[in-house]
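Please open the structure in a viewer and keep the selection tool at hand.

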Amino acid sequence: MEWEPAEELTNESTRRKMTILAKSVRMGLMRVKFWGVRGSTPTPQPENLRYGGNTSCVEVRLKDALYVFDCGTGFRPLGQQLEHESKGKPVLAHIFVSHFHWDHIQGIPFFGPLYDSAENRFIFHCSSRTRSLKRVMEEQMASPYFPVDMSEMKARRDFYDIEEGRVPLGDEVTIETRWLNHPQGCMGFRLESKHGVLVYATDNEPGDPIFDKNVRKLAAGADVLIYDGQYLPEEYEARKRGWGHSHWREGINIVMESGAKELILFHHDPDHDDALIDKVVQEARNYYPRVRAAAEGMEIGIEQAAAQAH
Ligand SMILES: [Zn+2]
Ligand SMILES: [Zn+2]
């Protein structure tokens, strides 16, 4: 079957967007929206704004279910959107946290739906190998780092400790997790449903045979691979070894070796402005055509997998 790029909705008019989204939710299509795509630290400078300055946060919708990958500063505007949409109805989401570096948790204290209502429920999934997420959340909001403490959060919070393996999430949706190569560890996630397979694997340094295999197993045959494209290959070689990140060339190696269909470069370096990211995408497409860079606000729909994979 001819490959077609996942549908991008960024440039559609809002009205058309809403129609498409409403239709896709009815159809059970997997929708993915990027709320934060920057690595390491927020970068709200004008030269970065087309791709965006907020740190890691990706939303996935499947029918009525909501899944979120990481809680960087992009988690805050996602919360605003959910408050806007809920119109007083409870918000329920599964939230997967890859690891506890700032750029993956800093949005938590600013996520409105955690404070709004006792009816809201958030199911957090992450490894407790270094610390429990509950403790991380308490610590990040402790005096003197934050003005209010966690007791202000009314929403119900459940914490699930996950290690490598597969966990059914109901409604024929499964999450598979594997460790990636990153200081203090980082988990990669594969969200499988009959409508499509999405892999979220960021903060991963290539070069270790076990982890190289892990990321390829996660990506095997996926419709979309969201992958760490922090550095240029030459930056990595020259001075960034051991910092726990990857580059676009390795992303292409992974999709070509794993049979993933599309690569989305993610976790852009704070020093990479829009013009540089454009150049990266252009160059990467010389090696593999189905590459793009994640941008804040970008939405994609995954649907063709249903026919092919099941
Ligand atoms: Zn990171
Ligand atoms: Zn990290």
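Predicted model: local features only at pLDDT ≥ 70, side-chain atom pairs only at ≥ 80, totals over all residues.

Two strands are said to pair if DSSP finds at least two bridges between them.

**First stop: paired strands**

Select strand 6 (residues 121-126) together with strand 7 (156-161). These two strands run parallel and are joined by six bridges. Within this pair, Phe-122 stands opposite Arg-157 of strand 7.

Now include helix 5 (133-140) in the view. What do strand 6, helix 5 and strand 7 make? Taken together, they make a right-handed β-α-β unit.

**Second stop: a cis peptide bond**

Remain in this region and select Pro-144, which is found in the loop between helix 5 and strand 7. The peptide bond that leads from Ser-143 to Pro-144 is cis, and its omega is near 5 degrees. As a point of reference, most peptide bonds are trans, and most residues other than glycine have a negative phi.

Select Ser-40, in the loop between strand 2 (30-36) and strand 3 (57-62). Its phi is positive, near 75 degrees, although the residue is not glycine. Is Ser-40 buried or exposed? Ser-40 is buried, because 20 other C-beta atoms lie within 10 Å, and a residue counts as buried at 20 or more.

Then move to His-267, placed in the loop between strand 13 (263-266) and helix 9 (274-284). His-267 likewise is a residue other than glycine with a positive phi, in this case near 60 degrees. His-267 is buried, since 27 other C-beta atoms lie within 10 Å.

Which residues have the most contacts inside the largest nonpolar core? They are Leu-198, Val-199, Leu-225 and Ile-226, in a core of 72 residues. Strand 11 (residues 196-201) supplies the largest share of this core, namely five residues.

To conclude, centre the view on Leu-198. Leaving aside neighbours within four places in sequence, Leu-198 is in contact with Met-30, Val-32, Val-60, Leu-191, Ala-222, Asp-223, Val-224 and Ile-302.

Notes. Residues numbered from 1 in each chain as written. Chains lettered and ligands numbered in written order. Helix = DSSP H or I, 4+ residues; strand = E, 2+ residues; numbered from the N terminus. Buried ≥ 20, exposed ≤ 12 C-beta atoms within 10 Å, placed from the backbone. Right-handed = clockwise from strand over helix to strand, strands pointing away. Core = buried A, V, L, I, M, F, W, Y, C linked by C-beta atoms within 7 Å. Contact = placed C-beta atoms within 7 Å.
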